[in-house]
Amino acid sequence: MAKVIYFSRRNENLLCGEIKDLAVGNTKIVAEKIAYYTDAEILELLPVVNYPTNYDETVFLAEKEKQEDLRPEFKPLMVSAVSEVIFLGFPNWCGVMPRIVVHFLEKYDFSNKIIYPFCTHEGSAFGSSLFELKQLCPDSSIMAGLPIKGSNVAKADTAIKNWLVQYKKMEE
């Protein structure tokens, strides 16, 4: 069975150039849709220390984590029986995947796994995240990724289904 593993952040987010308060993070919405369409188990990567609810404070912290190459701690995940296929989701923060996701990828062995990356963004798609993912998981098969603009997640079902065609073909 495939697993959807994702990191998401709710509260204040930038959508269409405006800061809006989100009850559910954009990446979580996409992760839940992917899990639904693939009947995959879903696991959320949660920080030990929550990110600020304020958007500007979170951006400042994300930039600091990136520049200082920090590794925020995360709560343990039950990934001992990680499946062959992983859907890995995260928001694009400052042109890269959040450092908490990097830390997670460094702690677990994803050798010989098939990884389908997806991200939410507000205009920068994956940035350099796919390059970084390939460096962190050199013995994994990294499939074509799906970037979804955060302001479009509610109406992204067609894009998600079209992207999942590659997975469905592999499952046949």
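These legends go with close-up views of a predicted model. Local features need pLDDT of at least 70 and side-chain atom pairs pLDDT 80 or more, while totals for chains, interfaces and linings use all residues. Numbering starts from 1 along each chain as its sequence is written, and side-chain values use heavy atoms, with hydrogens and water left out.

**View 1. Asn13 sits in strand E2 (residues 11–15).** Strands here are DSSP E runs of at least two residues, helices H or I runs of at least four, numbered from the N terminus. A polar atom of its side chain lies 3.3 Å from the backbone oxygen of Arg9. Beyond four places in sequence, Asn13 is in contact (heavy atoms within 4.5 Å) with Glu18, Ile19, Lys20, Leu22 and Tyr55.

**View 2. The largest nonpolar core has 25 residues.** Such a core is a set of buried Ala, Val, Leu, Ile, Met, Phe, Trp, Tyr and Cys residues joined through side-chain atoms within 4.5 Å. Leu45, Leu88 and Phe104 are among the residues with the most contacts inside this core. Strand E5 (85–91), helix H3 (99–107) and strand E6 (114–121) each give two or more residues, and H3 gives the most, with 5.

**View 3. H3 packs against helix H4 (residues 129–136), with axes coming within 10 Å.** Axes are lines fitted to C-alpha atoms over the stretch in contact, with angles running from 0 to 180 degrees between N-to-C directions. The two cross at roughly 20°, so H3 and H4 are roughly parallel (under 35 degrees). Arg99, Val102, Leu105 and Glu106 of H3 meet Glu132, Leu133 and Leu136 of H4.

Technical notes:
Polar contact = N/O pair within 3.5 Å; in protein donor to acceptor, adjacent residues only side chain to side chain. Buried < 20%, exposed > 50% of the residue type's maximum accessible area, 1.4 Å probe, protein only. Parallel < 35°, antiparallel > 145°, perpendicular 65-115°, else oblique.
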